Every structure is written in C-alpha cells, then in structure tokens.
Amino acid sequence: MLDKIVGFGSRLGVSASFLRFAIVGTLGFLCDTATVYLLHPVVNLYVAGTVSFVVAASFNWFLNRIWTFRGIDHAPLHLQWAKFLIANSIGFVANRGVFFFLVASSGVVVAYPIIGVAAGSLAGLVFNYFLSKTFVFR
C-alpha cells in the first residue's frame, strides 16, 4: 500500500525517495509523540522532547535504511546511525527549536504537546531529507 502511495506521488512529479522519507517521517512523528507523552508525566517537556527526538531519529534511520534508501550500499550500522544523528542535528535545531519555542510561549502546546511535535517535525523535514540523501545514504 505504501509503495502505491509513493507511485502515485511520483506520477505527480514528487521524488519517490522524498515521499518514502516523508512516510517514514510520519511514522517517526508517531514514535516521537508517543515518547513525549510517555515521558512527560515523569520529566518536563524539554527533557521529554529531547529524549523523544533521539528515539524517533533512531527509528527513522532504521526505516530509511531498509526502505527509503534500500538500494544503496550501506555503511556499517553503527557508523551510519551516527552519521544520521549528526546530519539530523541541523534538523534537530529547526525541529526542536520550534517545539521548545511553542512550549515556552503557548499554554495550548503545553496542554497538547502533539501540536509542538508536529510543528517541529515539519520544520525539520527538508533539512533532514537533504542531509540524509547527500551525507548518510549515498
């Protein structure tokens, strides 16, 4: 089913790898959000957001490795994972910058952290795709 969505998007002129990356990112968003909600009862949202980013980025790296960029010779697991986290640190600044700003400035986001996670995820998407494609999965 996911490959049918990617095929449809490709016919519209959107890169298949970008569409797969976005689908993986959506699944990562769910992982990110779940981690924030699991941790928030025991730590503040800043800590929960930081930990959840690493958890979701690791999840995304794995799915991107086996699906988005599956036809590429891959570096050893630990090296590629580290490169992915390093490359995504730029996306982290955009992603968590937006998240932290919204947490600090909006009572609605404090009450519903999913809003901040979603806004941050969108902010980091372009950075993460470009760096993943050119630096990590090449």
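User: Let's start with phenylalanine 21. Which residues does phenylalanine 21 touch, if I skip those up to four places away in sequence?

Analyst: Here, touching means having heavy atoms within 4.5 Å. Leaving out residues up to four places away in sequence, phenylalanine 21 touches Asn64, Thr68, Phe69, Leu125, Asn128, Tyr129 and Ser132. Keep in mind that this is a predicted model.

User: Which nonpolar core has 11 residues?

Analyst: The largest nonpolar core has 11 residues, and phenylalanine 21 is one of them. Other members include Phe53, Trp61, Phe84, Tyr129 and Phe137. Helices α3, α4 and α6 each put at least two residues into this core. There's also a second, separate core of nine residues, with Phe29, Val103, Val109 and Val117 among them.

User: How do I tell whether a residue is hidden? Is serine 132 buried or exposed?

Analyst: Check the relative accessible area: under 20% is buried, over 50% is exposed, and partly exposed is in between. Serine 132 has 0%, so it counts as buried. You'll find serine 132 in helix α6, residues 113-136. The side chain of serine 132 reaches the backbone oxygen of asparagine 128 at 2.8 Å. Setting aside residues up to four places away in sequence, serine 132 also touches Phe21, Phe84, Asn88 and Phe137.

User: And arginine 96, why does that one count as buried?

Analyst: Arginine 96 counts as buried because its relative accessibility is 1%. Arginine 96 lies in helix α4, residues 77-105. Beyond its neighbours within four places in sequence, arginine 96 is in contact with Asp32, Gly49, Ser52 and Phe53.

User: What about valine 47, and how is its accessibility described?

Analyst: Valine 47 is partly exposed, since its relative accessible area is 39%. Valine 47 is in helix α3, residues 45-68. For a sense of distance, valine 47 and valine 36 are 11 residues apart in sequence and 8.8 Å apart in space, C-alpha to C-alpha.

User: Where does glycine 28 sit?

Analyst: Glycine 28 is part of helix α2, residues 16-39. With a relative accessible area of 3%, glycine 28 is buried. Not counting residues up to four places away in sequence, glycine 28 touches Ala56, Phe59 and Asn60.

User: Let's zoom out. What radius of gyration does the protein chain have?

Analyst: Compare it with what a compact globule would give. For 138 residues that would be near 14 Å, and the protein chain has 15 Å, which agrees. Buried residues make up 39% of the 138 residues. Among contacts with a separation of 6 or more, 70% come from residues 24 or more positions apart.

Terms used. Residues are numbered from 1 along each chain as its sequence is written. This is a predicted model: local features need pLDDT of at least 70, side-chain atom pairs count only at pLDDT 80 or more; totals for chains, interfaces and linings use all residues. Side-chain values use heavy atoms; hydrogens and water are left out. The radius of gyration is taken over C-alpha atoms; the globule rule is 2.2 Å times the number of residues to the power 0.38. Buried means under 20% relative accessible area, exposed over 50%, partly exposed in between (1.4 Å probe, protein chains only). Helices (H or I, at least four residues) and strands (E, at least two) are DSSP runs, numbered from the N terminus. A polar contact is a pair of N or O atoms within 3.5 Å; within protein, one must be able to donate a hydrogen and the other to accept it, and residues adjacent in sequence count only if both atoms are side-chain atoms. A nonpolar core is a set of buried Ala, Val, Leu, Ile, Met, Phe, Trp, Tyr and Cys residues joined through side-chain atoms within 4.5 Å.
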